[in-house]
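Trainee: I've got a model open and I'd like to learn how to read it feature by feature. Can we walk through it together?

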Amino acid sequence: MKKAISFLLAGVMAASLTACSGSVKETAPAKQEDTKAAEQTSESKGSGEKVEISFLVTKPEIVPQFEETFKRYTESHPNVTITAIPLSGQTIYEKLTSLYASGNAPTITMVGGPEFTSFKDNFLDITDTDFAKKVYSWAQDKTKSDGKVLAVPTTAEGIGIMYNKKVIEAATGKEFDPSSIKSRKEFAQLLEEISKTEYAPVQITNKDWLLGSHLTSVLYGAVSKNYDERQAVIEACRKGEYNFADSQVFNNWMDTFDLLMKYNKYAKSPLANAYEDDQLTMASDEVAFWPIGNYIYPNIVDINPDAQVGLMPYPMGDDEAAVGNKEIVLSYSMFAIDAKQSKPEQQAAAIDFFNWLVTSKDGQDSYVNTLMFVPIFEGFEVQPSNPVAKQIVSYMEQGNTLERMSDYFPAGVMNQFGATMQQYLDGKITRADVANQFKDKWVEFSKK
């Protein structure tokens, strides 16, 4: 891991960032000659027959950045048209299931771990492509099946609590160093101090994907720093043998959530605030802390180029030694190309787009300065200076990261966990209810 991180540091120290069914007609996956055709398309600046490809962008907050990237690519490849498909209120699993069942599978899609597992038989083998060969070795395991590379990571992402340095310092009159928050106790003291000012200490976004996937990854990641022990807990959850109510980690996680709820800007109507409004509130220097991922950074600086925000861990205990107190969740979603319903020329165009994005100077500039991604590929020449990205690299350098455990969730259960936490956030159920619902949903969805 240390070797892998040293490679990453060399490439991204200044890097930027920004959280099946049905009858289908199959077409053969792209062959090697299709890959060569894609490379020739790139060299000829897009000359050739018209090709239309679709891209399922599963992060709604950065659809505009993707569309800008598509536009830049098609300016030099005028024969290719790329259309973004939004989630439109559905989960990734629901959207892909619907699109494949209707025979309208996207040429390219972004997927998380559970969706990759469920749909991997539909994805193109990209083992021999130029862009897939550039993925850092430590980020390759989850993209493979039976030795074949079926996807590539999007970007190195961090999940924790975003802070607004300007707000905190205005409220306290002191310089803020996120490393000074070594436990939940210190975090609570700071929130109390801010609560006595004009600023809001915390805002909680009520989206099910945030509550049920991103924040629960903190829960399961903090179970242990040991991979095998974490996997043992996941297996126990699948069998209904994990007792959440008696788990110190679960109760620590819930204690911190209770703390966030206590100081939540929207405490009186916790399900009424919109995700878009939360972005505006943070960018407008009205709130100090926001549980979220650094993927939201492009939106924040788009609203307020002078925003001073960063990412810190989700405190997991009053004991400074508690796993999670100094670690953020490190995660990545994945890009995959359809092998079942896309034509060979569409697959070739998709391969060429990713070769452009990862290996060309224009593409790399779009990757790090438009999408504001942290490169997870070797050999990037374009090196942005996003301060949040530098923090992510620093956490990795120090080994202060937790695995994104929602990648091991059964498909669809994330939204159920999210719905449970929405009920808890709204005061409709108790902590004991959360523990019971988590346990039951694990068993139910593991059997599907």
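This is a predicted model: local features need pLDDT of at least 70, side-chain atom pairs count only at pLDDT 80 or more; totals for chains, interfaces and linings use all residues.

Trainee: Which residues touch the most other members of the largest nonpolar core?

Mentor: Phe55, Tyr220, Trp253 and Phe289 do, in a core of 143 residues. Helix α13 (residues 344-359) gives the largest share of this core, eight residues. At least three residues come from each of domain 1 (51-157 + 331-392) and domain 2 (158-330 + 403-446).

Trainee: How do I read a pair of aromatic rings?

Mentor: The general idea is that you describe the pair by the distance of the centres and the angle of the planes. A search of the whole structure here finds 43 aromatic pairs. Take phenylalanine 55 with phenylalanine 335: the pair is edge-to-face, 5.8 Å centre to centre, with 85° between the planes.

Trainee: Where do phenylalanine 55 and phenylalanine 335 lie?

Mentor: Phenylalanine 55 is in strand β1 (residues 51-56) and phenylalanine 335 in strand β12 (residues 334-337), so the pair ties together parts that are 280 residues apart in sequence. Phenylalanine 55 and phenylalanine 335 are both buried.

Trainee: What about the rings of phenylalanine 66 and phenylalanine 373?

Mentor: Their centres are 6.1 Å apart and their planes are at 65°, so this pair is edge-to-face. Phenylalanine 66 belongs to helix α3 (residues 63-76), while phenylalanine 373 is in the loop between α14 (361-370) and α15 (387-397), so parts 307 residues apart in sequence are tied together. Phenylalanine 66 has a relative accessible area of 1%, so it is buried; phenylalanine 373 is buried too, with a relative accessible area of 1%.

Trainee: Now the strands. What is the strand order in the open sheet of five strands?

Mentor: Read it as β2-β1-β3-β12-β6, with mixed pairing. At the edges are β2 (80-85) and β6 (152-153), each pairing on one side only. Looking inside the sheet, β1 and strand β3 (residues 108-111) run parallel and are joined by two bridges. Leucine 56 stands opposite threonine 109 in β3.

Trainee: How do I read the two faces of a strand?

Mentor: In a regular strand the side chains alternate between the two faces of the sheet. Then check what happens on each face. Strand β11 (residues 328-331) is covered on both: Ile328 and Leu330 on one side, Val329 and Ser331 on the other, are all buried.

Trainee: Which strands are joined to β11 by three bridges?

Mentor: Strand β7 (residues 157-164) is joined to β11 by three bridges, and the two run antiparallel. In that pairing, glycine 158 has leucine 330 as its bridge partner in β11. Three bridges also join β11 to strand β13 (residues 401-403), this time running parallel. There, the bridge partner of isoleucine 328 is threonine 401.

Trainee: Is asparagine 299 buried or exposed?

Mentor: Its relative accessibility is 12%, and the cut-off for buried is under 20%, so asparagine 299 counts as buried. You'll find asparagine 299 in helix α12 (residues 297-303). Beyond residues up to four places away in sequence, asparagine 299 touches Glu61, Ile62, Gln65 and Gln279.

Terms used: Residues are numbered from 1 along each chain as its sequence is written. Side-chain values use heavy atoms; hydrogens and water are left out. A nonpolar core is a set of buried Ala, Val, Leu, Ile, Met, Phe, Trp, Tyr and Cys residues joined through side-chain atoms within 4.5 Å. Buried means under 20% relative accessible area, exposed over 50%, partly exposed in between (1.4 Å probe, protein chains only). Helices (H or I, at least four residues) and strands (E, at least two) are DSSP runs, numbered from the N terminus. Domain bounds come from an automatic or database domain assignment. Rings of Phe, Tyr and Trp (its six-membered ring) pair if their centres lie within 6.5 Å; planes under 30 degrees apart count as stacked, over 60 as edge-to-face and the rest as tilted. Two strands pair if DSSP finds at least two bridges between them. Contact means heavy atoms within 4.5 Å.
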